[in-house]
Amino acid sequence: MSVIPMSVTWSRTRAISRTELRRRWRAIKANPTQLLSLAVVSLFFLPMAVGIPAGAYFGGTYLVSGEVSTPIFRLRQLSVTLWLAAAAFRGFATVLDPDRRDGLLTTISHQQLIAGLLLTEAIIYGVPASLVVAAAAVLFAVAVGSVLAAPTVFVSVGLLVSTGFLTGIGVALLIKTGGARSRLLRRFRTAAGVTVFIVYMGVFLTGSVGAVLDPLYVLFTPTPLGWLGELTLVSAGIEASVLRGGSALVVGIVGLGVGLPVINRLVPWFWYADGPEIEQSTSSSTGDSRLSGLLPQPMVGVVTVDWRRARRAPISLSYAVYPLFLLMTPLVQTIETGTVGTGFVLLVAFSGIWITGVLFTLNIVGNEGAVLPSTLLASSSGRAIVGGHILAGTLVGLPVTAGAVVLIGFLSPLSTISVLSLTFGTLLVGTAAAAIATGIGAALPRYEAVSVSRSRKAIIPSTLAFIGYSLVIGIVSLPLLLGHSRLVGQWISSIAGVSPVSVGLGGLAATVILAAAFSLVSALYARRRVDRFQFD
C-alpha cells in the first residue's frame with residue numbers, strides 16, 4: 001500500500017504548477033471564446049501597464065511639490081483600495097478548485113497541491129504585476145528623489161496585494177465550505193448567489209461604488225492596511241508617522257506568515273467535505289401527481305426531469321439570464337427618474353418571451369447527455385420530449401413574465417386595453433417561442449459540455465442556435481412590440497386614421513399569425529428529428 005507523501009517539496013510544487021499551466025492553456029486554446037477574451041483582456045492590460053508607472057511618477061511629483069493637500073489620507077485610501085481589489089477581484093475569484101481534484105489528492109497531500117496552485121497563481125498574475133509595480137516604484141523614487149522609496153513601495157504593494165489575495169481566498173473557502181457542509185446553506189445557495197449577483201451589478205450600474213467603499217474606508221484606513229501608505233511617505237521624506245508605518249510593515253509580514261497556514265487549514269475542510277444528507281422533498285412528487293392528471297405520463301416525466309436538473313445544477317441555465325443585462329440600464333434610469341416609459345415595458349415583455357422560450361428547449365437532444373439513448377428508445381419519445389420541454393419552460397416563465405408586464409404596464413402611460421393586449425400577446429408569443437426553440441435546437445444541437453465558469457462545465461445550446469433563435473423571435477415579436485410602442489402607434493394611427501388601441505390589436509394579430517406558423521413548423525420538425533434520430 002503506497003503512502004501519500006506529506007512533505008512539501010519544490011520539485012513536486014513545480015511539477016504541479018507546470019501541469020496546471022499546461023491544462024489552463026489547453027483549455028483556453030480549445031475554447032475560441034476564452035481565447036478571444038484573453039486577447040481583449042491583454043489589450044486592456046497594456047495601457048494599464050504603462051499608465052500605472054506613469055501615474056506613480058506624476059503622483060510622486062505632486063507629493064513633493066505639496067500640491068496634495070492631505071497626502072496621508074490619500075495614501076491610506078490608496079492602500080485600502082489595493083487590498084480590497086486583491087481580495088475581491090483575484091482572491092475571491094480563486095477558490096482553489098482544480099480540475100481532477102479527487103484524483104490528485106489520492107497521490108499527493110493537500111498541502112502539496114495548495115503549494116502548486118499558489119505557485120501557478122503567482123506565475124500567471126504575480127509576475128506581470130510585479131514587473132508593473134517595480135517600474136512604478138522606480139519612477140516614484142525618481143520623482144521624489146529618494147532611493148529608499150523604490151523598495152519601500154514595492155514591498156508595501158506586495159504585502160497589500162498578497163494579504164488581500166489570501167484574505168479573499170479565506171472568505172471564499174469559508175462560504176464554499178458552508179455551502180458544502182450545511183444543509184440550510186446548500187438549499188439556499190442558488191438564491192443567495194442570484195441575490196449577490198443582482199446587488200453586484202446594481203452597485204456598478206447605478207454608480208454606487210463610492211457609497212459601498214466609503215464605509216470600508218472608514219473601517220480600514222485607521223488600521224495597518226492604511227498605515228502602509230504612510231510608510232511610503234516616510235521613505236519619500238514627507239512628514240508622516242514612522243511608528244505607524246513600521247508597525248504596518250511588521251503586521252503585514254506577520255499576516256502573510258499567518259495567512260498561509262490558515263489557508264492550509266481551510267482548504268481541506270472544503271476539499272474533503274462529503275456534504276450533508278439532504279432528504280428528498282415531497283414537493284416534486286406532489287407536482288408530478290398534479291401534472292399526471294392533466295398530461296400523459298411520459299411528458300410529465302420530461303417536465304419533472306427538467307425541473308430537477310435545474311434545481312441541482314442551476315448554472316446549466318445561466319445563459320437564460322442574458323437579456324437581464326439589457327434591462328439593467330433602463331431599470332436604473334427608471335429608478336432615477338421615478339417614471340416608467342413605454343419602451344421599458346416592451347423591453348421587459350421581449351426579455352420575458354426570450355427567456356421563457358430558451359429555458360429548456362434550445363437543445364432538446366443534446367441536453368439528455370449520457371441518457372440520450374434510453375430517452376430516444378422510450379415510447380412516444382418525440383411527442384413527449386418536445387411537449388415536455390415546452391411545458392417545463394412555459395409553466396415557469398409565463399406566469400413571471402405576465403405578472404411583470406401587467407405590473408409595469410399599469411405604471412406606464414399605456415392604456416388598460418393596451419396593457420391587457422400586450423400581456424395576452426406576451427403569453428402567446430412566449431408559448432410559441434418555446435416551440436420555435438425546439439426546432440432550432442434540434443437542427444443545431446450541442447452534445448459536448450463547455451466551460452460556463454472557471455471550474456464548471458455544462459451542456460448549453462450552441463452559438464448558432466442562440467443566433468437563429470434570437471432572429472426568429474425578433475421577427476415574430478416585432479409587430480406586437482411596434483404596435484404597442486407609443487411613438488410608432490401614434491404615427492400609424494395618424495396615417496391610417498385609426499386609434500392607437502386598434503394599431504396595438506393589429507400588431508397582436510400579425511404576431512399571432514407569425515407565431516402560429518413558425519411554432520407549428522418548428523415543433524413538427526423537432527418531433528420528427530427526435531423520432532428519426534440516428535447515432536453516428
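Predicted model: local features only at pLDDT ≥ 70, side-chain atom pairs only at ≥ 80, totals over all residues.
Residues are numbered from 1 along each chain as its sequence is written, and side-chain values use heavy atoms, leaving out hydrogens and water.

**View 1. Helix α15 covers residues 342-358.** Helices here are DSSP runs (H or I, at least four residues), numbered from the N terminus. From first C-alpha to last, the 17 residues of α15 reach 25 Å, close to the expected 24 Å (1.5 Å times one less than the number of residues). Because 14 of these 17 residues are buried, α15 is largely enclosed by the rest of the structure. Buried means under 20% relative accessible area, exposed over 50%, and partly exposed in between, using a 1.4 Å probe and protein chains only.

**View 2. Helix α6 (residues 149-181) packs with helix α10 (residues 224-235).** Their axes are 9 Å apart and meet at an angle of about 170°; axes are lines fitted to C-alpha atoms over the stretch in contact, and angles run from 0 to 180 degrees between N-to-C directions. The two helices are therefore roughly antiparallel, a term for angles over 145 degrees. A149, T152, V153, S156, L159 and L160 of α6 meet L225, L228, L231, T232 and S235 of α10, where contact means heavy atoms within 4.5 Å. By class, this contact has 7 nonpolar, 4 polar and no charged residues (nonpolar: Ala, Val, Leu, Ile, Met, Phe, Trp, Tyr, Cys and Pro; charged: Asp, Glu, Lys and Arg; polar: the others, Gly among them).

**View 3. R76 sits in helix α3 (residues 71-91).** With 16% relative accessibility, R76 counts as buried. Setting aside residues up to four places away in sequence, R76 touches T221, P222, G226, W227, E230 and R244. R76 and L228 are 152 residues apart in sequence, yet their C-alpha atoms are 7.3 Å apart in space.

**View 4. T13 belongs to helix α1 (residues 10-30).** T13 is buried, at 7% relative accessible area. Its side chain reaches the backbone oxygen of T9 at 2.8 Å. Beyond neighbours within four places in sequence, T13 is in contact with V8, Q112, A115, G116 and L119.

**View 5. R383 is part of helix α17 (residues 381-410).** R383 is partly exposed, with 43% relative accessible area. Not counting residues up to four places away in sequence, R383 touches P296, M299, G388 and R527.

Notes:
Parallel < 35°, antiparallel > 145°, perpendicular 65-115°, else oblique. Polar contact = N/O pair within 3.5 Å; in protein donor to acceptor, adjacent residues only side chain to side chain.
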